[in-house]
Amino acid sequence: MPARPAILTLALVLLASLTAAAPGSGAERGVGFDLRRTKITPKHPTFDGRREIRLHYGFGASRPIDLRIEVRRARSHRVVRVYRERDARPGRRLARVWNGLDRRGRVAGDGRYELRVGPAGGAMRPAGRFRLRTHVFPVAGRHGTRGAIGDFGAPRSGGRVHEGFDITAGCGTRLVAARGGRVEKAGFDPVLYGNYVLIDGRRSRQDYFYAHLIERPAVDRHERVRTGQPVGRVGRTGNAASTPCHLHFEVRIGGHPVDPEPRLRDWNG
Ligand SMILES: [Zn+2]
């Protein structure tokens, strides 16, 4: 009888070890766990957005069981958050909200994630994937950039420098909160900024400043705003009266403006 090829032996050993680790171990044994009807809403989730990131799911099993739900990085498979649902009932519509924070309470980064559900101590099943964004582009509509005159650090009259980045857009185009947070200032400055709003970013060191709005901001001081929430409209109030309508946008860290352009390019992607 010919000897079994080594590669086949290896394959059989691997297969045997896989089946041993698959469903059927521990608490799951004989329960017949079957994940069903999974759906993640909203389709394009953001951190601190107007809609919570929610996994809808159900499962089949012969009795209530403890479930483990994992949020993990789609590429590296690094688990960022784990939930345990005790005595979950088969056949029910269930849901789990994820607030976008990792185990230590920090904001999980931008990128692709996947959710997995399984019986506690048993094999996990994929329940869906999504891309998380921690910011959105502040202009919700067609827009361009103004080039050199609008760049961060460009010289201004009286020895000032340009502390933001200018984004051209049709007058009246909707502006949205790049990141949820709280409105720190909202007002009118006739000399420089016209109608403006400053938002203190939620769980972020960054503040976001919007100037030259066509009219008063759509939000008031101290108001809580969510990522993507409308905050005003593009205009040319203040010292922008002789320019096309545009948003003067600043990102400030500890009150100091930093170059917002690389961030804006990321958020625009
Ligand atoms: Zn500007």
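## A cavity inside

A cavity here is a set of points, on a 1 Å grid over the protein atoms alone, where a 1.4 Å probe fits but cannot get out; a pocket is an open set with protein on both sides within 12 Å along at least five of seven lines, and lining residues have an atom within 4 Å of a point. Grid points are joined across faces, edges and corners, and a volume is the space filled by probe spheres set on the points. This is a predicted model, in which local features need pLDDT of at least 70 and side-chain atom pairs count only at pLDDT 80 or more, while totals for chains, interfaces and linings use all residues. Residues are numbered from 1 along each chain as its sequence is written, and side-chain values use heavy atoms, with hydrogens and water left out.

How many cavities of 30 Å³ or more are there? The count comes to one. The largest cavity holds about 30 Å³ of space, and its lining is made by I53, R54, L55, R96, W98 and L115. Two elements, β2 (53–60) and β5 (94–98), each give two or more residues to this lining; strands such as these are DSSP runs of E with at least two residues, while helices are runs of H or I with at least four, and both are numbered from the N terminus. The most comes from β2, with three residues. By class, the lining has four nonpolar, no polar and two charged residues (Ala, Val, Leu, Ile, Met, Phe, Trp, Tyr, Cys and Pro count as nonpolar, Asp, Glu, Lys and Arg as charged, and the others, Gly among them, as polar).

## A pocket between domains

Now turn to the second largest pocket, with about 240 Å³ of space. Its lining has 17 residues, and D48, G49, E52, N99 and R226 are the ones nearest its centre. The classes here are five nonpolar, four polar and eight charged residues.

Where does this pocket lie? It lies between domain 1 (25–132) and domain 2 (144–268), because both give residues to its lining. The domain bounds come from an automatic or database domain assignment.

## Charged pairs

Side chains of opposite charge can pair when their charged atoms come close. The structure has 13 salt bridges, each a side-chain nitrogen of Lys or Arg within 4 Å of a carboxyl oxygen of Asp or Glu. One of them joins E52 and R54, at 2.8 Å from N to O. E52 is partly exposed at 48% relative accessible area, and R54 is also partly exposed, at 27% (buried means under 20%, exposed over 50%, and partly exposed in between, with a 1.4 Å probe and protein chains only).

R86 and D66 form another salt bridge, 3.8 Å from N to O. This pair links distant parts of the chain, with R86 in strand β4 (residues 79–88) and D66 in strand β3 (residues 65–73), 20 residues apart. R86 is exposed at 60%, whereas D66 is partly exposed at 26%. R68 and E70 also meet, at 2.9 Å from N to O; R68 is partly exposed at 28%, but E70 is buried at 5%. Finally, salt bridges link D48, R224 and R226 in a network.

## The sulfur link

A disulfide is a covalent bond between the sulfur atoms of two cysteines. The whole structure has one disulfide, counted when two cysteine sulfur atoms are within 2.5 Å. Its partners are C171 and C245, with sulfur atoms 2.0 Å apart, and the link is right-handed, with 95 degrees about the S-S bond. C171 sits in the loop between β9 (165–168) and β10 (174–176), and C245 in the loop between β15 (230–233) and β16 (246–253), 74 residues apart.

Is each cysteine buried or exposed, or in between? C171 is partly exposed at 46%, while C245 is buried at 6%. D166, in strand β9, is buried at 2%.

## Backbone details

Most residues other than glycine have a negative phi, and most peptide bonds are trans. A cis peptide bond joins T41 and P42, with omega about -10 degrees, and P42 lies in the loop between β1 (34–41) and β2.

D48 is in the loop between β1 and β2 as well. Its phi is positive, near 60 degrees, and D48 is buried at 10%. H212, in strand β13 (residues 206–213), has a positive phi near 70 degrees and is buried at 4%.
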